[in-house]
Every structure is written in structure tokens, then in C-alpha cells.
Amino acid sequence: MNFPYSSKKWMSISLAAVLTTTLGVGALTASANTATDAATKAPVTAPASTDKVAAETGTTTAPAAAEEELTLEKAVQQALQTNVTLNNARLDAKNADINESLSYKTSADMPAEMIESLELAKAKHVGNAQGEMNKKLNALAVTATEGKIKLGAQQAYYNLIFAKDDYDLKKQSLSRAETQLKVAKAAFDVGTKAKTDVLQAEMGLSGAQAALTSAANSVEVARMELNDFLGVDLQKKWKIVAANKQTAPITLTMEEAQKQALSKRIEMTRVQEELKLAELNVKLIEEYSALSTLPGRQARNNVEKAKLAIEEQKRTISKEVAQAYLNLNAAKQAIEFQKKAKDSAAESYRLTNLRFENGLATTLEVIQAEEELSDRENQYQKAILNYNLAVVNFETALGN
């Protein structure tokens, strides 16, 4: 076989290919490298709106319109203004307040000297208390919905960031596959590798292209889901300003976190108000009738039930806080573990490439090492996403 290059020239080509491959391994996304920074902000470009993506995925896209910046805080504020579920909850609360005021206004205005029976006392005092409690609970229901909307907006925001980061990783994987194919072809041309190495590299490249197309689609789906949750145009483009939560140790102990949640969670306010209403009913029966009567005994039982409801709610909240606390700690540790795994996979890929250049590894082994690296990079990004969501869930469990 005739070799087009001298052995010295071939050595230069091999070294250049190794260098290119090694540099490809080291190119990690900015958001992954800055996961432990406090509120790091870095613009993330939407991939599906660029001509480069069209060339890589084989699709045709229209020129992108000017994109509005979207931070985590802005996403939450936008949801609080335009989320359909929240606006419906606000309107329902207003209607409930109107209906409640119509139902007890006449009895509440009754003069005290006209109250001569338990029925009239309940009509005035219990009806009045019930109306006020319902107004407070209606307001709390809106507040609870707002909390859920805040949580949902943050989750949708981070899901879009993860989709974009995953797309960037798939681009890196495609670049590595392209480099591997170039190396395999160069080796085949000079007779040091078989045709099967080229075919395997081509299969690896096809797989990387398919993964990139799927990732680009996932970005578009995540963007539409975010827009749907925010209550804006589904096709609206955003220039996402990524922000990772600070991976600092939790300053609160679990007991302190549970105590804080019990003082702030609206569920506790609801059951406490129900206890006050039950106790008022007992007081009126004692004043205008007798607690030994059937209604009196039932009223006292209702007080005990209200107390049990408070204890049950305390246990529920304490359990939720404990789970969120433990999940947050586990998510923080997972970032460190996944980073080590990713770094090891990157080094393994680099060494496998070197072995390939020296004829000690096959193209299939290189492809497998690249797939492992791609998977580890993805798991690392997912660990960052899970940590951010764990922080959001913990803050929600506290009642913030």
C-alpha cells in the first residue's frame, strides 16, 4: 500500500487529532462549572432559534425575533400576574366573600338586647365568626395558590435551563463524534485502521446527531410549558438568565425549620381558626342553654376534633419539612459525587483516545467512552437541577 505521508508527517496528523479531541473533552458548559456559585447569572442562548442549529439538526427555522430576558425572579412575578389558575382563584375568593357577606350581614347587625335564645345567639355570633373566618380562609386559599404558582414557575424555569444545558452537552458530544470520525478516516487513509473503524465512527456521529435533534425538541417543549404556566404567548422567546441556588450548608437545624414552618404555614392558621369557631359554639351553648344537652355534648366533641386536627396538621407539616430538609442535603451531596464521576469519565475518554491513536483501542471503545462521558455530564447537570428544585421545595415547605 502506498502511504501519502511520511511517518513523521503522519505523527503530526495524529498529534493534531489527539489535541483536537482532548480540547473537545474539556469544553464543559458554563452553568455546570458555576453550580456552586451564589446566584450565578449567565445568558443562555436559545438553540432552536439560530441558523447553526438548523444546520446541525437539518431543520429550517425562521429568523429569531428579539428575545426578552427572563430571570428567576421575573418568571415568578410574571406567573403571579398572568397565571390563569391563580387569577381564577382570586376571582373565586372575591365571589365567596360577596356571598358570605350577603348571608350573615343581617344577623350580625342584630342588637345584643334582642338576643334571647341560643338560635339567635348563634345567628349573630357564630354566623359573624364564621363569616370572618371564611373571609380569612378565602384570603389564605389565594395565598396558598400563590405559593403553588411560585413553586411551579420556578420548576418550569429550571426545567427550561436544564433542557438548554442538555442541548449544549449534546452539541459537545456531536463535536467529539465529528472529531472521532475525522481521526478514523485519516487513519484509514494511511492504512493504520480498518474500514470498520470508520463505519463505527459514522454510527457514533449519527447517534450524536439524533440526540442533538431530540435535545433541540426538548428545549422547545420546555419553553412552551414555561410560557403556558406563565400565561403568556406559547411561542414567546426568552433569553434565559440562568441562576443557580447557592450550594451552602443549611443554617437551620431540622427542628428550627419545623418550628418556623409551624408558625408560617397557612394550613396551621386554618385549623386554628376552626378550633376558635368550635370553642365559640361551646361558649354560646353554655351561656344560652346547657352543655349537658345533645348539642352541648356534640359541640364539646367538635372542640376535641378541632384539637386533633391541629395535632395532625403539625405532624404533616413537620414530616414535609423533614423530607424537604433531607432531600436538600442529599441533593447537595449528589452534585459533588456527580462532578467526580464526570471528571473521571472525561479522563477515561481522553486516555481511550490516546490508546486509540497508539493502536491499543478500537473506535467502538472510544465511542463507548464518549457515551459514558456524555451520560455523566448529563447526570451532573441533572444533579444541579435537582438541587435547585430541592431548594425551592424546602423554601416552600417552610412557608416562605
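Visitor: Which exposed residues does the face of α8 turned away from its buried side carry?
Guide: In this predicted model, that face of α8 carries Glu 255, Lys 259 and Ser 263.

Visitor: And which residues of α8 are buried?
Guide: Helix α8 spans residues 254-264, and its buried residues are Ala 257, Gln 258 and Ala 261. They cover an arc of only 100 degrees around the axis, so they sit on the same side of α8.

Visitor: What do the buried residues of α8 pack against?
Guide: Their packing partners are two helices, α10 (294-357) and α11 (363-398).

Visitor: Changing topic, how many helices and strands are in the protein chain?
Guide: The protein chain has 11 helices and three strands. Along the sequence, their order is α-α-β-α-β-α-α-α-α-β-α-α-α-α.

Visitor: What share of the residues is buried?
Guide: Of the 400 residues in the protein chain, 42% are buried. The chain exposes about 21200 Å², with carbon and sulfur atoms supplying 54% of that area.

Visitor: What about contacts between residues 24 or more positions apart?
Guide: Among contacts in the protein chain with a separation of 6 or more, such residues account for 82%.

Visitor: Where does Leu 234 lie?
Guide: Leu 234 is in the loop that connects α7 (195-230) with β3 (238-244).

Visitor: Why does Leu 234 count as partly exposed?
Guide: Leu 234 is assigned to that class because its relative accessibility is 38%, and the partly exposed class lies between the buried limit, under 20%, and the exposed limit, over 50%.

Terms used: Residues are numbered from 1 along each chain as its sequence is written. This is a predicted model: local features need pLDDT of at least 70, side-chain atom pairs count only at pLDDT 80 or more; totals for chains, interfaces and linings use all residues. Side-chain values use heavy atoms; hydrogens and water are left out. Helices (H or I, at least four residues) and strands (E, at least two) are DSSP runs, numbered from the N terminus. Buried means under 20% relative accessible area, exposed over 50%, partly exposed in between (1.4 Å probe, protein chains only). Contact means heavy atoms within 4.5 Å. Accessible areas come from the Shrake-Rupley method with a 1.4 Å probe; for residues, only the protein chains shown count as cover. The arc is that of the directions from the helix axis to the C-beta atoms.
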